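Reader: Hey, I'm new to this one. Can you walk me through it once it's up on the screen?
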Amino acid sequence: MQQVNTQHLRNYPKKPKQVYLFGTCIVDSFFPDSGMDAIELLEREGIEVIYPQGQSCCGQPAYNSGYKEEAKAVALVQVKQFPLDIPVVVISGSCGGMMRHHYLDLLGDSVGDLVGNNAEITNFCQRVFEFTEFLVHVLRLKPIDQGPKERVALHTSCAARREMGVHITGNKLISQLANVELVLHDYESECCGFGGTFAVKHADISAAMVADKSKNLVASDVVRYVSADHGCMMNINGALDYQKESLRGEHIASYLLKRIKGTSAKASL
Amino acid sequence: MKQFNEEESKYAASAKAFRANVTRDLGNEELRSNFRGAMDYLMAKRKDAFSSEDELEVLREQCKLIKQRCLAKLPHLLEQLEDKLETNGIKVHWAETITEANEIIAQLIAQKKGKTVVKGKSMVSEETALNDYLEERNVECLESDMGEYIVQLAKQHPSHIIMPAIHQNKQQVAKLFADNIDGFEYSTDVDTLIQQGRTILRDKFCQADVGISGVNFAVAETGTLCLVENEGNGRMCTTIPDLHIAITGIEKVVEHLSDVPPLLSLLTRSATGQAISTYFNMINSPRKEGEKDGPKEVHLVLLDNGRSQAFADEELRQTLQCIRCGACMNHCPVYTRIGGHAYGTVYPGPIGKIISPHMLGLDATSNLPTASTLCGACGEVCPVKIPIPKILLRLREESVKPKSDKPQVMQGQGAGRSNVEALIWKVWALVHKSPTLYALSMWGVTRFRFLMPKKLGGWTSVRTAPKPAAKTLHERLKSKQEKRAKQAKQSTNTASR
C-alpha cells in the first residue's frame, strides 16, 4: 500500500519474556509447519509464545474488497484475543501491515459494547511486529549458520516491503547466514500478481504477472527462494509447480530454523 | 475520424469492454515488449534523476503540501486566476461538462472563421474528444507533439499521458509514416523519423488559424499559464497562430509563482528523469503593442468534468493533487502488462483508475478500482504523495455499497455490487468473527481436503491448486499445549510422591 514503512521511526522494546503469535488464516489452514517453525525459532531464543486459539484472520480480504463492515467485525475480534501488553508477532508482512497500519483507521472511530476505544486499538497496533522485524530489531538475532553452501533469493511481498520494511530486515537476516549467498533476482521489487481477490477477479492479468515473477526467480539460478508471506508463495509456488519447475519458496521462519539447526531445508507447496 | 459520442466513451471503460481489451492486449507480444522496454527505461531515468532518497522525500512532501494548500483554497484561487488573467488580457471561460468546453472552443474558432488548428499536447482536450468534435464541424485539427502526431496518424488514442505513442516501436512508426505520408523516405532511425515528421509539422504551424494547448500550472497570483514541453511545438502553437486557446482542468491552479519551481522540478524528474524540460513557456498575455510575435487573442477554458465531485470529499480530493507526470503508470505492474489502451479511459494506469470514475461515473468504470493488487508502487513514486492504493480501496467500497436514495458521494455508487459477493463476505465475517465457527469450518477444510477441487477457475489456469494441511496450526498447538499441561501435571505428581 502506501509507503508507510515506519521501521526507522519505531522505538523497539527490550527482548520480552513472552510474545503472542498471530498465525494468519493462510498459515493456519495451508502451511501450519511455518507457524510451528516460527514458534520453535522464538522458543530457542528463550521466549514463551502464546497462541490464542480465538484468532482467525486479520480481515484484510474483506477490507481490500470494499467490505469494510465485515472486515471491521472480524478485525475487532482479533484485537480482543491479544489483551496482554506484550508484542504480537505476525508471520506475514501483509497481515502485519493491515494490523499495524490500517486497524486504527478501520476500528478507531467505532463505538458500541463490542468495540474497543481508540486507546485500546492504538495500543494494539503499536504492539504489532512483523516476524523478521521482530527478529532483527527486538531480538537482535544473529543466526549461526550450520547449513551447506547455497544460493537463495528473497521475495518480499509488496505490503511487507512498503508497510513493514521486510526487504530490509529479511535481507539482513539472510545476509547474516555465512554459507548463504543472497541473489537479487530481476524485477525483485515487482509484485507477484497475487493481490488477494485480484487473482480471481482479474485472473489473466495476475497470470501474466506471476509468469514473469516465476521466470525471473528461476533465471536467478537459486536452490530456493525465501519469503515472509505465504500469500505470495501460494501464488508463485503454485505457478512453479504448474510449470513443472523444481524451484520452491519457503517461509523465512522455516528457512532460518533449518539453517540454524543444520538440517537440510525442504520446500513445501 | 470517428464521431464523438459520450455513450460510447462510457462503454469503452465498462467492465465488459475492459475484459475484452485486457485479453486482446495481454496476447499481443509486440505490445507487451514495447511497454516493458519503455517502462524499464523510464523507471531507470527517474531513479537517476534524484541524488538521494532523502532529497526526493523532502521534495515530495513539499509539493504535496503546495498542492494541498492550493486545493484547500481552490474556489478562491480560481476567482483570483480569472481576475488576473482578464487583467492581463486573457479571456477566461468556464465549462462544467466536456460538451460545454467543446462548444466554447468551437465558437471561438468560428468567430475567427478558423479552418485549421495546430495542437500542442493536451490530455484535457483528449478528455473532451475535441478533435472529433471539431472535425465534425469541418475544422481540421493537427496534433503537433510527435507522439500525438503518430497516434493521430494511426487513428488511435494516447496510451500514456506523457508519451502518447509509447505503445509503438520504431518499426511500427516507420511503417505508419510510409503508409500515410507522401514522399516519406523509409527509415527506422529514430532521428530521421522525427526529422521527417517535424518538416511536415513546420509548414502547418505557419498555416494554422488557431493554436490549442494545455496548461501545466495556472498561477493565480500573476495570471500566468505555464506549459511544459520538450519539442518546441507548444511554443509554436502558442505564438504563431493569431488565436491561442488553452484548455485545462480546474485543479491546475496554483497560488504563487514561487509554487511553480518545485512542482516543475519534480514533474520533469518524475516523468522522464529530466532535470528540466527543453522548453518551459510562461504565457502572461496576448501580443502587446510593439511586440513582434504572439497571438492576438488568448483564451483559457477551465473544465470541471467531475472534478468538483472529487473535490467535495476530503479523501477523494487528494486525487486532484495530480500533476500528470505519469510516474504511477511507469511503475505499475498492471499497466506494464496490459498497456494504456486496455483501460478504455483517456487517463490510463493508477491515476486513471482513480480520476476516471469521477468523469464517467463508477457505473461505467466499476472494473477499474479492482484491477490492482494494491502493491503500492504508484503511491510510492507519486511526486505529490496521492495515496492511490487507499483511494482505490475507497472506490471499491463506494462501488460495492448497497444502492440508496440518499445523496451519493459519487455518481454510480453501488454499481459494482453483486448480491452473491455480498453474501459471501457476510458468511465469511460470520465464520471469522466466531472462534467456534472458525474452528469448525477449518476442521472441515482440513478433514475433507481430499474434496478440494483440482480446478479453481482462473487460479488453476496457470497454477496448481493449493492443498489444505492435514491439521491446522490451531489444532497442532492445542495438542502441543495439552501435552505440555499433561507433562507438567506428571512432573508435579512425581515430585509430590
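Reader: Is the crossing of H2(A) and H13(A) left-handed or right-handed?
Author: The crossing of those two helices is left-handed. Keep in mind that this is a predicted model.

Reader: Ok, and at what angle do they pack?
Author: About 50 degrees, with the axes of H2 (residues 32-44) and H13 (residues 252-261) of chain A 8 Å apart.

Reader: Which residues make the contact?
Author: H2(A) brings A:Asp33, A:Ser34, A:Asp37, A:Ala38, A:Glu40 and A:Leu41. From H13(A) come A:Ala253, A:Ser254, A:Leu256 and A:Leu257. By class, that contact has five nonpolar, two polar and three charged residues.

Reader: Switching topic: how many residues does each chain put into the contact between A and B?
Author: Chain A gives 54 residues and chain B gives 52.

Reader: And which element of chain A gives the most there?
Author: H11(A), with eight residues. Other elements giving two or more include H2, helix H4 (68-80) and helix H12 (230-242) of chain A. The side of chain A that touches chain B has 30 nonpolar, 16 polar and eight charged residues.

Reader: What about the largest nonpolar core, how many residues has it got?
Author: It has 208 residues, and A:Val89 and A:Val90 have the most contacts inside it.

Reader: What is A:Val90 in contact with, leaving aside its neighbours within four places in sequence?
Author: Among its contacts are A:Phe22, A:Met99, A:Val128, A:Phe129 and A:Phe131, and also A:Thr24 and A:Glu130.

Note on methods
Residues are numbered from 1 along each chain as its sequence is written. Chains are lettered from A and ligands numbered from 1 in the order in which they are written. This is a predicted model: local features need pLDDT of at least 70, side-chain atom pairs count only at pLDDT 80 or more; totals for chains, interfaces and linings use all residues. Axes are lines fitted to C-alpha atoms, for helices over the stretch in contact, and angles run from 0 to 180 degrees between N-to-C directions. Helices (H or I, at least four residues) and strands (E, at least two) are DSSP runs, numbered from the N terminus. A crossing is left-handed if the near helix is turned anticlockwise from the far one by less than a right angle, and right-handed if clockwise. Two residues are in contact if their C-beta atoms, placed from the backbone, lie within 7 Å. Ala, Val, Leu, Ile, Met, Phe, Trp, Tyr, Cys and Pro count as nonpolar, Asp, Glu, Lys and Arg as charged, and the others, Gly among them, as polar. A nonpolar core is a set of buried Ala, Val, Leu, Ile, Met, Phe, Trp, Tyr and Cys residues joined through C-beta atoms within 7 Å. A residue is buried if 20 or more other C-beta atoms lie within 10 Å of its own, exposed if 12 or fewer, and partly exposed in between; C-beta atoms are placed from the backbone.
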